[in-house]
Structures are given as C-alpha cells and as structure tokens.
Amino acid sequence: MAERGQSLTYNMCNPIGVFDSGVGGLTVLRALRRRLPGERFLYVGDTARVPYGTKSPDAVLRFSREIVAFLERRRVKLVVVACNTASALALPHLARDGGVPVIGVIEPGARAAARASRRGRIGVIGTPATIRSGAYGRAIRRHRPDARVYEQACPLFVPLVEEGWRDGAVVEAVARRYLAPLHRAWVDTVI
C-alpha cells in the first residue's frame, strides 16, 4: 500500500481488483464483467482462510489489508471488496488507508433491496460476523427509513457452497431452518 500522502500512478489500462474470502465473489466479478466489458479484472479468492464470517473483526481487517496490499502491488486502479463480511467490518479502514479507491457490496445491495421491496420488509442473510455488524440494516434504513429489516445468520451456507453442495436433502433442511424466521416475518425481499 502507498504510505499516507503518497500517491501511486495508475492508468485506465490497469485492472480492477476484486476479492472475496472464497468463491462467492465470483458472482460479483461476473456482474462487473457484464457491466464493464472493456475492463480487465484481477480476482483474489482467499480460500485458505474461508469463511471470514466466523473470524474476529481484527482478523478480517488484517486479511483484507493483506489482500488490498497484494492487489495494489499488481497496480490495480480500484478494489472491489466482494465479500460481505469484509465490506461490513473492514471497508471503512480500507477506504481510508488504501492507495487506490476501495468500494464494497453492502451499499449497492442495500440500495437495490430498498428499491425492490414493495412493503419494506427486507430480510438479510449472511455470515455471523456480517449479521452482528448490523451494516446491512443501517445501509437499508439510509435508503428506506421505513424499512423493517430482519437479519438471520446462516453459518453453514458458506461451507456448503464452498464444497459445491447446492442441492439435496441436507442443503434444503439447512435452508429451511435458516429461512423460517424470514418466512414468518413475511419479508418480500432478501439480500
């Protein structure tokens, strides 16, 4: 990373860096590639330390800083934090300390949910750390103050996805258990 006050030079040909704690951020990368077809991207999936959502805030910040520094050494012009947990816990520090602009996924997700919800009953599922942070609830209410936000930690979702378990009786049972409170709350939109 650049020292405070020191600027690095970048040009439009430099790639955009994208990172996640695993492979879930590939959906963000796919969306970015569709929206920005002329851009180059460099993706980092920290599969050695996945999931971030069960780690301490200090560990998530340390991991995130290491990845941003790695991406900056590769001369990226922008970093997209495609990890909800890192966006919730580390983004303010990364945006303040980084040598390049750093953006996360919480604000765009909250804005889209606030717009999509007909009744303002919005569910948020995520890792325990993301849910504990309350970041989505705060962001949703900035965009829609009347929203009722129902948050549910889903600690088994990441390991299931990372293992490639996307269907079957076990996945369905876990999903039903986690999503039952949101169903009972009559949410009309889920992040």
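This is a predicted model: local features need pLDDT of at least 70, side-chain atom pairs count only at pLDDT 80 or more; totals for chains, interfaces and linings use all residues.
Asp46, Arg49 and Glu66 are linked in a network of salt bridges. Within it, Arg49 pairs with Glu66, with the closest N and O atoms 2.8 Å apart. Arg49 sits in the loop between strand S2 (41–45) and H2, while Glu66 belongs to helix H2, so the pair ties together parts that are 17 residues apart in sequence. Both partners are partly exposed: Arg49 has a relative accessibility of 24%, and Glu66 comes in at 38%.

The count of salt bridges comes to eight. Another of them joins Arg142 to Glu107, where the closest N and O atoms are 2.2 Å apart. Here the pair ties together parts that are 35 residues apart in sequence, since Arg142 lies in helix H7 (residues 135–143) and Glu107 in helix H5 (residues 106–116). Arg142 is exposed at 55% relative accessibility, whereas Glu107 is partly exposed at 29%. Asp97 and Arg96 also meet through their side chains in a salt bridge, at 3.0 Å from N to O. Asp97 is partly exposed, with 21% relative accessibility, and Arg96 is partly exposed too, with a relative accessible area of 44%.

Glu72 tells another story. This residue is found in helix H2 (residues 57–73), and it is buried yet has no salt bridge. The nearest side chain of opposite charge, that of Arg73, is 7.6 Å away, and the cut-off for a salt bridge is 4 Å. What the side chain of Glu72 does reach is the backbone nitrogen of Gly99, at 2.6 Å.

As for the cysteines, the disulfide count comes to zero. For Cys154, the closest cysteine sulfur is that of Cys83, and at 15 Å it is too far for a bond.

Zooming out, the protein has nine helices and seven strands. Its radius of gyration is 17 Å, close to the 16 Å that the globule rule gives for 191 residues, so the protein is as compact as a globular protein of that length. Along the principal axes, the C-alpha atoms fill a box of roughly 50 × 35 × 35 Å. Buried residues account for 43% of the 191 residues. Among contacts with a separation of 6 or more, 72% involve residues 24 or more positions apart.

Definitions and conventions:
Residues are numbered from 1 along each chain as its sequence is written. Side-chain values use heavy atoms; hydrogens and water are left out. A disulfide is a pair of cysteine sulfur atoms within 2.5 Å. Helices (H or I, at least four residues) and strands (E, at least two) are DSSP runs, numbered from the N terminus. Buried means under 20% relative accessible area, exposed over 50%, partly exposed in between (1.4 Å probe, protein chains only). Lys and Arg count as positive and Asp and Glu as negative; His and the chain ends are not counted. A polar contact is a pair of N or O atoms within 3.5 Å; within protein, one must be able to donate a hydrogen and the other to accept it, and residues adjacent in sequence count only if both atoms are side-chain atoms. The radius of gyration is taken over C-alpha atoms; the globule rule is 2.2 Å times the number of residues to the power 0.38. Contact means heavy atoms within 4.5 Å.
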